[in-house]
Amino acid sequence: VVKFVFDILCDRGVNACPPLLVGVGIAGSIDVASTLSKRALMRPVGSHNSNPVGAEFEKLLSDGLNEINIGPGGFTGTDSVMGVNVEQAARHPSCIAVAVSVGCWAHRRALIRIHPDMSYEFLSHKGVVL
């Protein structure tokens, strides 16, 4: 699991505009793992896995990913990730599926209502003005 997460972040992390929020899903099938990775990614920033071992695993992943020095914008530095959240499901010991979701892609969104008179309102970010 650790090697897979590091391989993904080292290979594709620079293109995702670090520092990143990372969601990791671990399960017995890829469909469950991918759903869990998105759920992990959407947890509140600063939250931790409810299992103490899972919370420690999140910290170890986060510390290790910051040590590879991808840095902000991919220009090197110690802040490669803002956090790593892990969610897991029961699985048989003979099979494991891992999915990684990166916050840059999942968190860059806004909801704007544009009225017929071309006035607008932000539904997701109150008080923002263009």
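Helices (H or I, at least four residues) and strands (E, at least two) are DSSP runs, numbered from the N terminus. The structure is a predicted model, in which local features need pLDDT of at least 70 and side-chain atom pairs count only at pLDDT 80 or more, while totals for chains, interfaces and linings use all residues. Residues are numbered from 1 along each chain as its sequence is written, and side-chain values use heavy atoms, with hydrogens and water left out.

Just after α3, asparagine 69 has a positive phi of about 60°.

Several residues of α3 are buried, among them Gly54, Glu58, Leu61 and Leu65; buried means under 20% relative accessible area, exposed over 50%, and partly exposed in between (1.4 Å probe, protein chains only). The cover over the buried residues of α3 includes α1 (2–12) and β2 (81–88).

Alanine 55 also lies in helix α3. Why does alanine 55 count as buried? Alanine 55 does so because its relative accessibility is 19%. Leaving aside residues up to four places away in sequence, alanine 55 touches His48 and Asn49, where contact means heavy atoms within 4.5 Å. Alanine 55 and valine 84 stand 29 residues apart in sequence, and their C-alpha atoms are 9.6 Å apart in space.

Tyrosine 120, by comparison, sits in strand β5 (residues 120–122). With a relative accessible area of 33%, tyrosine 120 is partly exposed.
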